[in-house]
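Here is a short tour of a protein model, written for someone who likes to know the cut-offs behind each term. Please have a look at the sequence and the structure first.

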Amino acid sequence: MSVFEMESWVIAEGKHEEHDIAMRNWLKWVRDHPELFKEWKSIRYFEKFIAGKDSGRQFLLWEYESLADFEAYKKKRQNYEG
């Protein structure tokens, strides 16, 4: 059974272009280095477009094959500050 982890944020005013470039670069880097993310089954990036205060919210959704994979990844990255 898959395990999911989600992170969300709102882009600071006036930083949308810079954010879009950074996200594209980061996602490309992840695709280019799959050996670092063996525990991930998939990763998805979304932007919510709807009326209200949460419109424009950004989401990253990680999928792991199992809780053991999730825990292994978190243990591997426990000292990572970035």
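The report below goes from the overall fold to the core and then to the aromatic rings.

## Ground rules

This is a predicted model, in which local features need pLDDT of at least 70 and side-chain atom pairs count only at pLDDT 80 or more, while totals for chains, interfaces and linings use all residues. Residues are numbered from 1 along each chain as its sequence is written, and side-chain values use heavy atoms, with hydrogens and water left out.

## Overall fold

The protein has two helices and three strands, arranged along the sequence as β-α-β-β-α. Here helices (H or I, at least four residues) and strands (E, at least two) are DSSP runs, numbered from the N terminus. The C-alpha trace spans about 40 × 25 × 20 Å along its principal axes.

Taking contact as heavy atoms within 4.5 Å, residues 24 or more positions apart account for 57% of the contacts with a separation of 6 or more.

Of the 82 residues, 27% are buried. Buried means under 20% relative accessible area, exposed over 50%, and partly exposed in between (1.4 Å probe, protein chains only).

## The nonpolar core

The largest nonpolar core has 13 residues, and those with the most contacts inside it are Trp40, Leu60, Trp62 and Tyr64. Such a core is a set of buried Ala, Val, Leu, Ile, Met, Phe, Trp, Tyr and Cys residues joined through side-chain atoms within 4.5 Å. At least two residues of this core come from each of strand 1 (3-9), helix 1 (16-32), strand 2 (40-47) and strand 3 (58-64).

What does Trp40 touch, leaving aside its neighbours within four places in sequence? Its contacts are Trp26, Val30, Trp62, Glu63, Tyr64 and Tyr73.

## Aromatic rings

The whole structure holds seven aromatic pairs. Rings of Phe, Tyr and Trp (its six-membered ring) pair if their centres lie within 6.5 Å; planes under 30 degrees apart count as stacked, over 60 as edge-to-face and the rest as tilted.

Tyr64 and Phe70 form an edge-to-face pair, 5.2 Å centre to centre with 80 degrees between the planes. Tyr64 and Tyr73 form a tilted pair, 6.2 Å centre to centre with 45 degrees between the planes. Tyr64 is buried, with a relative accessible area of 0%, whereas Phe70 is partly exposed at 22%; Tyr73 is buried. Ring pairs link Trp29, Phe37, Trp40, Trp62, Tyr64, Phe70 and Tyr73 into a cluster.
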